[in-house]
Amino acid sequence: MVDPIPWGNLSGEDMETLLAVFICKQRPEANRVRPSSGDNGIDLQVKNGDGTYDVYQVKKFAHTLKTSQKSQIKKSLKSLNDYIRETGYKVANWYLVLPLDPTPQNLKWFKEITKELPYNCDWVGLPNIQAWATDMPEVYDYFLGNGIREVERLVHTFIEAARVDDLHDDKALLSKLHSICDMLENRDPNYAYTVNIASKFDEHSYFITRPNLVFSFLEKRPDGSSITVDVIAKYKEATSFAKITFPVQFVPQNQEQREQLESFKKYGTSLADFPVRLADTGNIPFLKDTLPDAQIQSCRAFILPQNEGNDLELILASSSASVSLKQVERTHGIEGGAQWTGEDESECLRVQLIFDGDATTTVKMNFTIKNIGASRLIRSKTP
């Protein structure tokens, strides 16, 4: 990597990507808020254990702040405070992140605009960011240097090692593959790689869904055994900053799968063990330039629900009682529909709202009662 990084010469997009990935690497559960939906003064947010949020506002300003730039910062802060008033969103810390060491005048101005806010505010400037760049050199190298090409080279090395027919010692093969995976992890800031060898007698599913799994790659060996590589996101937003995209054709085999596909397209619900055909392998790291399209016949996809940004709360009330429902899942589909699922504190009541996305904005509500006999059920005390 270039040392020091010429922050003032970077484009705004490149700079904001680097800063956001630095933050995500330190706080893997961070959510990125897309500007297209209105960021409310939030670029990244991290939910704390007490229900509050740490909010990061990333700015590209690398030189002395001008009046217009100060106005942009104040505007972002006002958007956040408006959002807090409207929704009850709870902020514990607000961080202004930019590659600029503040002058005494900057600090005085910053303290003035934040002094009456009910949450902590900090200026995260150039010294902090230079420290991040030193601790995580692979981030700059991947996005603006030669890192991504080195990752591709190591992936191809891995593929070739997995296909060697005369290496029958599984321990030696695993040792070699693990060594390449370790090198990959050091160069790739976004993804980790797990490799396993499965016996030809192992009839268990090769692909097991779990948190942060992005995709799995299976290589069949001549003796009938197989090598499985799982690609794991190192932080929650990895697929946002380092996209892995490829066209697929869904091929439902029965009515149940057709209904699942319709729900996925309309509401963004998950698809589990769904048959698809790959139309192109050009952007898949483990297949690019290594596996001819003719060898790809079919595969199965696990598409997990992509939850949207901020949690929403639903309160059901009558004249004599009310219950608060916390968000469990909220998704939207490519055809305009959406769904929201929430549960009460006792986990006895689950409510699902389904928005069809039609011209009349139809909303369906489904209720589920469960765990009635559970000890965690909240009961009223008798006098």
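Student: Over which residues does pLDDT stay under 50?
Tutor: That's residues 374-383. Keep in mind that this is a predicted model. For that stretch the model has 10 contacts beyond four places in sequence.

Student: How should I read a part like that?
Tutor: Where pLDDT is low, the predicted coordinates should not be read in detail.

Student: And what does the chain average?
Tutor: The average pLDDT is 81, and 80% of the residues score at least 70.

Student: Which elements have the lowest and the highest mean pLDDT?
Tutor: Strand β11, residues 299-303, has the lowest at 68. The highest, 97, belongs to strand β4, residues 91-97.

Student: OK, sheets now. What's the order in the open sheet of 5 strands?
Tutor: It goes β12-β13-β14-β15-β16, with antiparallel pairing. The edge strands are β12 (313-317) and β16 (363-369), and each of them pairs on one side only. Neighbouring strands in this sheet are turned by 25° against each other on average, ignoring direction.

Student: How many bridges are there between β12 and β13?
Tutor: There are 5, and the two strands pair in the antiparallel sense. β13 covers residues 322-332. To find one spot, look at Ile315: its bridge partner in β13 is Ser324.

Student: Which strands does helix α9 lie across?
Tutor: Helix α9, residues 255-267, lies across β13, β14 (338-343) and β15 (349-355). It runs at about 95° to β14.

Student: What about the open sheet with 3 strands, what's its order?
Tutor: That one reads β6-β8-β7, and the pairing is antiparallel. The twist averages 20° from one strand to the next.

Student: Why is one side of β6 and of β7 left without a neighbour in the sheet?
Tutor: Because β6 (191-198) and β7 (213-220) stand at the edges, each with a single partner strand. As for β6 and β8 (residues 226-233), 8 bridges join them. Val195 stands opposite Val229 in β8.

Student: Switching topic: which residues have the most contacts inside the largest nonpolar core?
Tutor: Trp7, Leu19, Phe22, Val97, Trp132 and Tyr191, in a core of 51 residues. Helix α1 (residues 12-26) gives the most to this core, with 8 residues.

Student: What does Trp7 touch?
Tutor: Leaving out residues up to four places away in sequence, Trp7 touches Met15, Leu18, Leu19, Phe22, Ala62, Pro99, Leu126, Ile129 and Gln130.

Student: And how many residues are in the second core?
Tutor: It has 23 residues, including Val55, Leu80, Tyr83 and Leu117, and it is separate.

Note on methods. Residues are numbered from 1 along each chain as its sequence is written. This is a predicted model: local features need pLDDT of at least 70, side-chain atom pairs count only at pLDDT 80 or more; totals for chains, interfaces and linings use all residues. Side-chain values use heavy atoms; hydrogens and water are left out. Two strands pair if DSSP finds at least two bridges between them. Helices (H or I, at least four residues) and strands (E, at least two) are DSSP runs, numbered from the N terminus. Axes are lines fitted to C-alpha atoms, for helices over the stretch in contact, and angles run from 0 to 180 degrees between N-to-C directions. Contact means heavy atoms within 4.5 Å. A nonpolar core is a set of buried Ala, Val, Leu, Ile, Met, Phe, Trp, Tyr and Cys residues joined through side-chain atoms within 4.5 Å. Buried means under 20% relative accessible area, exposed over 50%, partly exposed in between (1.4 Å probe, protein chains only). pLDDT is the predictor's confidence in each residue, from 0 to 100.
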